[in-house]
Amino acid sequence: QFSDFCDTIIKDIVFVRKREKHGKWRIYIMITVSGEKSYDKVGRAANLGVRRVSYTAVQSGFWHRERFLTEKELIYVTEGTVYLLLNGEHFALGENEYLFLPAYGTISAPRRSDAPCAFYSVTFDGTLALPGGQGEKGKVCGDLLFPRELFKRMLLWYDGGKVEHAACDALFLSFLYDIAATRIGNESSA
């Protein structure tokens, strides 16, 4: 059922691997989603690479251990509230909210969660400009099922034994475009 549902959202993902003049390989990705929209990852002057994908679901009392971030990370909350302290700034992320964490920052929890919570974490690198910037909290609006299914599929396709995760890159890029489109729509209607 999950696969059939995602196939209705994502019509096509095309991967083309091509050797450049300098000898390195480049992967070109084209995503076509329902509604006849398409996003060309390579047509932008940036790159993006998913390094890790994880899902955490815990009972009340969860707290994020202190750690130093060496890569950029996105946390997307699907249930409850996650309390974070990012470089001294407090965040309370509720359901359907996300936070971009910058590389070379410190993250911890100022307090334990009051109730069960669940969230996805995507560690990534690249030069792609993030919607809203790093260290900024945002809320997913519109079709809330779409981002949840993208994250589920990323988790399903993620293989820790591989260095490159082109399919995860494509799905994560779809999420970023969705956020950017929502932000632009909200700014123009204000």
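Visitor: Where is Asn96 found?
Guide: Asn96 sits in the loop between E8 and strand E9 (97-101). Here E marks a strand, a DSSP run of at least two residues, numbered from the N terminus. The model is predicted: local features need pLDDT of at least 70, side-chain atom pairs count only at pLDDT 80 or more, and totals for chains, interfaces and linings use all residues. Residues are numbered from 1 along each chain as its sequence is written, and side-chain values use heavy atoms, with hydrogens and water left out.

Visitor: Is Asn96 buried or partly exposed?
Guide: Buried means under 20% relative accessible area, exposed over 50%, and partly exposed in between (1.4 Å probe, protein chains only). Asn96 has 7% relative accessibility, so it counts as buried. Asn87, at 49%, is partly exposed.

Visitor: What is the order of the strands in the open sheet?
Guide: Two strands pair if DSSP finds at least two bridges between them. The 4 strands run in the order E5-E10-E7-E8, with antiparallel pairing. Strand E5 (67-68) and E8 are the edges, each pairing on one side only. E5 joins strand E10 (residues 106-108) over 2 bridges, and Arg67 stands opposite Ile107 in E10.

Visitor: How many disulfides are there?
Guide: A disulfide is a covalent bond between the sulfur atoms of two cysteines. Counting pairs of cysteine sulfur atoms within 2.5 Å gives 0 disulfides.
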